[in-house]
Amino acid sequence: MSVRVSIVCAAYNQAEFIRAALDGFVTQKTNFKFQAFVYDDASTDGTAEIIKEYADKYPDIIKPILQKQNQFSRGVGVAKSFI
């Protein structure tokens with residue numbers, strides 16, 4: 001079955017809230033395949049580690065895009081990561 005829906009979630013220093021967002025994605029009940037691209041813009045508070053944890057646990061759903069250097073501060077938009 002091919003992916004019918006893709007979710008895009010951008011995060012930066014959201015360790016306090018990212019679990020709730022990711023739980024919301026992975027607990028969806030559907031009759032079709034979906035995926036969630038979760039973009040982290042070089043967070044410094046542990047957000048990326050939480051995203052990795054979920055990607056390891058739910059590899060068919062959570063697709064991490066983890067930046068090592070903050071792209072926003074360099075003037076690069078998040079959308080470039082998905083094109």
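## K57 in helix α2

Let's start with K57, which sits in helix α2 (helices are DSSP runs of H or I with at least four residues, strands runs of E with at least two, numbered from the N terminus). This is a predicted model, where local features need pLDDT of at least 70, side-chain atom pairs count only at pLDDT 80 or more, and totals for chains, interfaces and linings use all residues. Residues are numbered from 1 along each chain as its sequence is written, and side-chain values use heavy atoms, leaving out hydrogens and water.

K57 is exposed, at 61% relative accessible area (exposed is over 50%, buried under 20%, partly exposed in between, with a 1.4 Å probe and protein chains only).

## The salt bridge

The structure holds 1 salt bridge (a side-chain nitrogen of Lys or Arg within 4 Å of a carboxyl oxygen of Asp or Glu). Its partners are E53 and R19, whose closest N and O atoms are 2.9 Å apart. Because E53 lies in helix α2 (residues 47-57) and R19 in helix α1 (residues 15-26), the pair ties together parts 34 residues apart in sequence.

Both ends are partly exposed: E53 has 39% relative accessibility, and R19 has 35%.

## Q71 after β3

Q71 belongs to the segment after β3 (62-66). With 11% relative accessibility, Q71 is buried. The Q71 side chain reaches the backbone oxygen of Q69 at 2.7 Å.

Leaving aside residues up to four places away in sequence, Q71 touches Y39, D41 and V76 (contact means heavy atoms within 4.5 Å).

Note on methods. Polar contact = N/O pair within 3.5 Å; in protein donor to acceptor, adjacent residues only side chain to side chain.
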